[in-house]
Amino acid sequence: MKVLLRQAFATLGVCTLISIPLTSAQAGWEATWIERFDGISVNWNNWTAQTNANYNNEIQCYTDDDSSALRNYDVSNGTLKIIARRGAVNCEGLNNINRPWTSGRLNSKDKAEFLYGRIEARIKFEELRGGTWPAFWALENRIAEQPIKGDNDTVNWPNPGAGEIDIWEWYGRNGSSYITNFFNTGGCGSEFRPQYPGGVSDVQDFNVYAIEWTPENIKFFLNDQVVKEHDISSCPQYKEPMFVLINVAMGGNIGGAIDPTLDIATMEVDYVAHCVASSANGATGCNETTPMIADADSDGVANSVDQCPNTPADVRVDNQGCEVFEEPQQAAPEPASAAENVIALFSDWYDNIATIDYNPNWGQATQVTQVQYEGDTVLKYSGLNYQGTDFENNKQDVSDMDNLHFDYWTNDASGLAMYLISPGPKETHVAIEVELGSWQQVVIPLSEYASVVDLTNTFQLKVTGSGTVYLDNIYFSKTVESTQGNSSTDNSGSSSGSNTDNSNTSGNTDTSSGTSSGGSSTTGSSTGSSNTTTTNTPANSASNSGSSGGGMSLLLLTLLGICMYQRRRPLAN
């Protein structure tokens, strides 16, 4: 499972990244994180007061005040009270503009972030008069909103990385229903308004609101009863961690006109929790009685599946409890193609063509640098939207080549696509199914481009995608038939057809972000640690398992190659 989850244990106040699958035949739950509000003030290890939020024409000033006589957060008797108060202030978080109300908005970004499982809170709201708009909701963690940590949180709402799920929203005089909703660029999900069984007065009693979330499905719950279910299996979003928010807005697009007799409105929260599916118990909810996950090294991964039992608690880990790194830990694998069969654009293993520009000014947001791992130079694309490579003054005839190769490493990209471009411009792309956390070798047959691009006169590449991406060993290759007669074929990538984009321009190329569907790639899959990479054999290599002599020769050559590689590229300890 190629997913991650960041969480913060309330008892430790640390940030951990894990992923644990939610099984379809889930038997119980284990809590990974719970905020019980059992102190005397807000636990700022778990929450950030989002003081510069200014959306939807709301009129409140959000503060971080949990101690003054007019505080907007009161933690007492085991609950949090978020209190909206009438009273004009110069709002510090909004450049001192005057606001007629103060209120509170807490989020768990960078402190408690979750991918899949059950997210639950027990909440009541004490006011029915018009103008109020309390909510319990979630946002994808790459959104460009406070706090800005600089961990690729540059995405604008509601693009991939910044989508929204509203678990519970209610507004004054809304009657006996509340709002569940999705906001994303994929067009998946929709608004649904469940009814309170006892009518509008139910909002003034404690209710348990929750979602259960898998890569394929989200269920919404009211007091442990399913009120709505959405199929998100084809949704391009909601496949990365989200953080939770609790707030009381005033006025605005939803809150509407504020009742003139209203001076104070309070949302009371008993707990907020996240749980993962477990067969260790029969727990039906995710609350203060749910057993905490058994986790000896406090890295957020259950002992039963932890393959790295001594991982520190303050590092990001994968679903096996092993550390996840922000950047490669070793060089990309050595290319397999012989130099005489290669036209190299970027690689330390070959002589690259002359007069090539790896960072042409096309108005892109991507930041390009060159970094080294084990002495090998790598292109680093930070904040990728699109990025060109330009060899216009040294156009290349690749019509007698067979494949375009490149290696990539990323820990956060949600998609990649590689374009090949000839003058006109004529361009088309091939979409790549992204694997996270290890070097991946991609081999794209040039036939995927040939129907659009003039292969006799290529002059640019373009990469689109997201996140931070490392690229190496970009080259064209000619396939040479094996004389052994026994080479195997390993095409582990998926093919979904080519996609033509003749309308895009080069040099001042289209500034579209993300990737388009379609295209095909032959991708070497690398699993486990990042120094284990499977290199594809050419797609048209002969296959003959009956030649044992050839097999022995190939084995000897492979062992010799491994020895040579070890001498040239020693692995990191």
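A cavity here is a set of grid points, over the protein atoms alone, where a 1.4 Å probe fits but cannot get out. I keep that in mind, since the model I am reading is predicted.

**Entry 1: the cavity.** I searched the whole structure and found one cavity of 30 Å³ or more. The volume of the largest cavity is about 40 Å³. Which residues line the largest cavity? I listed Phe-406, Leu-416, Ala-417, Met-418, Ile-432, Val-463 and Leu-471. By type, the lining splits into seven nonpolar, no polar and no charged residues. Strand 25 (residues 416-422) gives the most to this lining, three residues.

**Entry 2: the cores.** Next I looked up the largest nonpolar core, which has 50 residues. Leu-80, Phe-136, Trp-168, Trp-213 and Ile-246 touch the most other members. Strand 18 (residues 242-250) supplies the largest share of this core, five residues. Another core, of 36 residues, lies apart from it; Met-418 and Tyr-449 are among its members. I then followed Phe-136. Beyond four places in sequence, its contacts include Ile-119, Trp-168, Tyr-209, Ile-246 and Val-272.

**Entry 3: Glu-212.** I found Glu-212 in strand 15 (residues 207-213). Is Glu-212 buried or exposed? Its relative accessibility is 15%, and buried means under 20%, so Glu-212 counts as buried. What does its side chain meet? The side chains of Glu-212 and Arg-118 are joined by a polar contact of 2.7 Å. Leaving aside neighbours within four places in sequence, I also noted contacts of Glu-212 with residues including Trp-29, Gly-117, Asn-217, Lys-219 and Phe-221.

How values were computed:
Residues are numbered from 1 along each chain as its sequence is written. This is a predicted model: local features need pLDDT of at least 70, side-chain atom pairs count only at pLDDT 80 or more; totals for chains, interfaces and linings use all residues. Side-chain values use heavy atoms; hydrogens and water are left out. Helices (H or I, at least four residues) and strands (E, at least two) are DSSP runs, numbered from the N terminus. Buried means under 20% relative accessible area, exposed over 50%, partly exposed in between (1.4 Å probe, protein chains only). A polar contact is a pair of N or O atoms within 3.5 Å; within protein, one must be able to donate a hydrogen and the other to accept it, and residues adjacent in sequence count only if both atoms are side-chain atoms. Contact means heavy atoms within 4.5 Å. A nonpolar core is a set of buried Ala, Val, Leu, Ile, Met, Phe, Trp, Tyr and Cys residues joined through side-chain atoms within 4.5 Å. On a 1 Å grid over the protein atoms alone, a cavity is a set of points where a 1.4 Å probe fits but cannot get out, and a pocket is an open set with protein on both sides within 12 Å along at least five of seven lines; lining residues have an atom within 4 Å of a point. Grid points are joined across faces, edges and corners, and a volume is the space filled by probe spheres set on the points. Ala, Val, Leu, Ile, Met, Phe, Trp, Tyr, Cys and Pro count as nonpolar, Asp, Glu, Lys and Arg as charged, and the others, Gly among them, as polar.
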